[in-house]
Amino acid sequence: MLEQQLLNALTLGSVYALFALGFTLVFGVLAVINLSHGAIFMVGSYAALWLVSHLDAPLWLAMLGAMLLSGTLGLLVDVLILKPLRARNAPHLTPMIATIGVGIMLTSAAQGMFGAEVLRFPEETLPAGEFIVGGVHVRALEIAIVAIAFILMAVLFTALKRTQLGRALRAIAESPKAASLLGINVEGLFHVTSFVAAALGGIAGVLIGLDFNAITPQMGQPMLHKGLAVIILGGMGDIRGALIGGLFLGFAEVISKAYLSSQMGDAVAFGLLFLILLVRPSGLFGRVLERKA
Amino acid sequence: MNTPQTLLSIRNVGKHFGGLHVLQDVSFEVPAGGIYGLIGPNGAGKTTVFNLVTGLLAPSSGTIEFQGESLVGLPPHQITHRGIARTFQNIRIFKEMSLLENVMIGMHEHLKYGAGGIFFNSSACRAAEKRARERAFELLSWLGLEHKAAMLADNLSYGDQRKLEFARALATEPKLLLLDEPVAGMNPSEKTLLMEEIINIRNRGYGVFMIEHDMRFVMGLCDRIAVLNFGRIIAEGSPDEVRNNQEVIEAYLGREEEAA
């Protein structure tokens, strides 16, 4: 039934958008494609699960804890890995390779600590309610996922658009050198950006873990590919693009799984994406922008 | 050891990139108030001097002091906080922002982030934003751009982009404004307008330190001039002293005449 599928698509798409937002923010501000973002997403998922099942934390607190932990990880990646590479003027591929390494380390660590098998949130920790609206089964969990994703995105949009912090980040995105000479602590804001982006990735991990109720050490990998596809579709570094691109991928995936082929859902979704890029090679909102040093 | 009138003091500064000596034993002092010019043929090392003063590069030797405090080793944003602002030879405005936002970026140190405040709608945050907006409008009006405040900076003419850069640099509340070839690429009427703006800025009490290779422009504008050639200071003094200096005539003016 179409309405049911649209709800599923909205749920999935809003989490894709949330994940891609952090990804694209780091690219926009730091000019780095942080390929550990998928693993940080996975860490967020495990962190919430651990807090819920070992400390009996309520779900909202576990989400907060997961955001803090993944945000801190993102900050550490920036301070320990990306910063020294920046200081040495490393070429663009170097941070990509370094962050692939971080992703592999985190995935192995998760496997070592939690095993390779699929873990699930205990049934009683999930929001239970389910009601029927116009013939559509709506789980309270789905409402919570969509609400959390959209609230966080709205907060980020507002901060970027209306605050001095946001103006400063947009200034860095255009020219870090000019921004620093106007009194902006560029390194400091690189750290802030890395924290926020990773925290968004971490909460996306919790939401996907809850939606499918399945957590594995490998769950970050397909998400990383999808996130990369979303930000390329939306236009690299473009915030609106990540939102629209994320929702698009969610809808394309769910609808093609439901109506075309359950096995080929991803293939159809990525095929569509490829077709769009043929027409608009720099993405939906992408412009060919020269970045000044 | 500094006389109270000295704002910026550069002593025995050298800079080399590998074996290439760009600056050697450069010394001069920029006094508070007035317009100071650094001139020299292309490739003499003028922009390198600005990059050393603003912290984009570190000197290989020598000292750079601003109001008696060393600037060597400080990151660029902290040097800006101490009261030095600059514009670029190639204009670097934020093209995807409005003029008002461009100027507000320059107020970063004074405005701070207020990222939390906007959501709790704190009165302190709103008041700070309001003050910043008013100040930004004021700075834009100094340069005759206030009626374009909401425009995207990308849509400005070349001359107006330069003026926006001036307004944005002044937003950092500098004591000394560094202008890197402010009239490069401008047509003669734009040059005249910008010259007036630079005099206005001087008259408002800001120190101006400018790089230029348009001799006529500099001679009419500057109170004192240092001449850089092949990385060394070959003359320093009033425009008349510099104009009549034999070494300058040979190194610089002579070449202009040949070219003419």
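**Exercise 1. Find what share of chain A counts as buried.**

Solution. Start with the rule: a residue is buried if 20 or more other C-beta atoms lie within 10 Å of its own, exposed if 12 or fewer, and partly exposed in between, with C-beta atoms placed from the backbone. Apply it to the 293 residues of chain A: 51% count as buried. The model is predicted; local features need pLDDT of at least 70, side-chain atom pairs count only at pLDDT 80 or more, and totals for chains, interfaces and linings use all residues. Residues are numbered from 1 along each chain as its sequence is written, while chains are lettered from A and ligands numbered from 1 in the order in which they are written.

**Exercise 2. Compare the radius of gyration of chain A with the globule rule.**

Solution. Take the radius over C-alpha atoms; the rule is 2.2 Å times the number of residues to the power 0.38. For 293 residues, a compact globule would come near 19 Å, and chain A has 19 Å, so the two agree. Along the principal axes, the C-alpha atoms of chain A fill a box of roughly 60 × 45 × 35 Å.

**Exercise 3. Describe the sheet of chain B.**

Solution. Strands (E, at least two residues) are DSSP runs, numbered from the N terminus. Two strands pair if DSSP finds at least two bridges between them. In chain B, four strands form an open sheet in the order β2-β1-β4-β5, with antiparallel pairing. β2 (20-31) and β5 (69-70) of chain B each have a single partner strand, so one side of each lacks a neighbour in the sheet. Now look at β4 (residues 61-66) of chain B: two bridges join it to β5(B). Phe66(B) stands opposite Glu69(B) in β5(B).
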